[in-house]
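I opened this model to look up its strands, cores and charged pairs. My entries are below, in the order I made them.

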Amino acid sequence: MRQIVLDTETTGINPKLGNRVIEIGCVELNNRMLTGNNFHVYINPERESEEGALNVHGLTTEFLSDKPKFHQIVEDLRAYIQGAEVIIHNAPFDLGFLNHEFKLLNLPDFSSHIGGVIDTLVQAKELHPGKRNSLDALCDRYGVSNSHRKLHGALLDAELLADVYLSMTRGQNSLGMDAEEEVVAGAELLEPVPLADIIFLPASDDELAAHAATLAGLDKAVKGQCIWTATTAPPAAA
């Protein structure tokens, strides 16, 4: 089974606002084994990165100015990902950008070239409901070292995600009834204990102000309303 762990870096958060892909990193797994057959490319987006995005990836316009444009790398990318199952953390973001890039070149969607998608963010939320499930949080949870990660990079993040995915899904095909019965048989029954009181701490005025400032920054970055603002705003009066 051939799988590709994929990550991208972009000039911003919305391709519909003209933002482009500037880096693609892919790590190949074959039967859950790293093969070393990776794909990595920097891309000249022919525009500057937004300030927020630049702070995340650090890929300057000057650095990208002599890199190939997307149309120059797309055939290599199409050949590499053809038919593979693709693993992405927060898949709608990366797929939205890649499908947009393919559309600009009048090519079939990126999604039509692959054999399916696994979204590790969705998996993580199902396994760890109510907990932080960013890539950094999952690295901490599964003991994957990311101490060398100062800025986001597509290939580095794909390599980290590959380790996280293998740890997160390890043994998923071997937990049969025999294994469950063996665990139950060897376990000791614990005495029931009362639950602790639930402590509710409301946000302070300073925390509420910081939250509002963050939302205002996100609204400015998307030149409108971010998802949080749009979904929490009171309905307009009739």
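The entries that follow go from the whole chain to single residues.

**Ground rules.** I am working from a predicted model, in which local features need pLDDT of at least 70, side-chain atom pairs count only at pLDDT 80 or more, and totals for chains, interfaces and linings use all residues. Residues are numbered from 1 along each chain as its sequence is written, and side-chain values use heavy atoms, with hydrogens and water left out.

**Whole chain.** I looked up the secondary structure and found 10 helices and six strands. Helices (H or I, at least four residues) and strands (E, at least two) are DSSP runs, numbered from the N terminus. Of the 238 residues in the protein chain, 38% are buried. Buried here means under 20% relative accessible area, exposed means over 50%, and partly exposed is in between (1.4 Å probe, protein chains only). The chain exposes about 14900 Å², and carbon and sulfur atoms supply 57% of that area. Accessible areas come from the Shrake-Rupley method with a 1.4 Å probe; for residues, only the protein chains shown count as cover. I then looked at contacts, meaning heavy atoms within 4.5 Å. Among contacts with a separation of 6 or more, 66% are between residues 24 or more positions apart.

**Strand pairing.** Two strands pair if DSSP finds at least two bridges between them. Strand 1 and strand 5 run parallel and are joined by three bridges. I noted Val-5 opposite Ile-87 in strand 5. Strand 5 also pairs with strand 6 (residues 117-119), in the parallel sense and over three bridges. There, Ile-88 stands opposite Asp-119 in strand 6.

**Cores.** I count a nonpolar core as a set of buried Ala, Val, Leu, Ile, Met, Phe, Trp, Tyr and Cys residues joined through side-chain atoms within 4.5 Å. The largest has 25 residues, and Ile-24, Phe-70, Leu-77 and Phe-110 have the most contacts inside it. At least two residues of this core come from each of strand 1, strand 2 (21-30), strand 4, helix 3 (70-81), strand 5 (85-88) and helix 4 (91-104). Helix 3 gives the most to this core, six residues. I listed the contacts of Phe-110, leaving out residues up to four places away in sequence: Leu-6, Leu-77, Ile-81, Leu-95, Leu-98, Asn-99 and Phe-102. Another core, of 20 residues, lies apart from the largest one and includes Val-5, Val-27, Leu-135 and Cys-139.

**Helix 6.** In helix 6 (residues 135-142), I found Leu-135, Ala-137, Leu-138 and Cys-139 buried. Helix 5 (120-127) and helix 7 (154-168) are included in what covers the buried residues of helix 6.

**Salt bridges.** A salt bridge is a side-chain nitrogen of Lys or Arg within 4 Å of a carboxyl oxygen of Asp or Glu. The count by this rule is four.

- Arg-20 and Glu-101 meet through their side chains at 2.8 Å, N to O. Arg-20 is in the loop between strand 1 and strand 2 and Glu-101 is in helix 4, 81 residues apart, which links distant parts of the chain. Both residues are buried.
- Asp-66 bridges to Lys-67, with the closest N and O atoms 2.9 Å apart. Asp-66 counts as exposed because its relative accessible area is 60%.
- Arg-78 bridges to Glu-75, with the closest N and O atoms 3.0 Å apart. Both lie in helix 3, three residues apart, about one turn of the helix. Glu-75 counts as partly exposed because its relative accessibility is 47%.

Is Thr-10 buried or exposed? It is buried, because its relative accessibility is 6%. Thr-10 is in strand 1 (residues 2-10). A polar atom of the Thr-10 side chain lies 2.5 Å from the backbone oxygen of Gly-12. Leaving out residues up to four places away in sequence, Thr-10 touches Arg-20, Val-21, Ile-22, Ser-49, Ala-53, His-57, Phe-93 and Phe-97.

I then moved to Glu-50, in the loop between strand 4 (39-42) and helix 1 (51-57). Glu-50 and Gly-12 are 38 residues apart in sequence, but their C-alpha atoms are 5.6 Å apart in space. With residues up to four places away left out, Glu-50 touches Thr-11, Gly-12, Ile-13, Asn-19 and Ala-221.

Methods. Polar contact = N/O pair within 3.5 Å; in protein donor to acceptor, adjacent residues only side chain to side chain.
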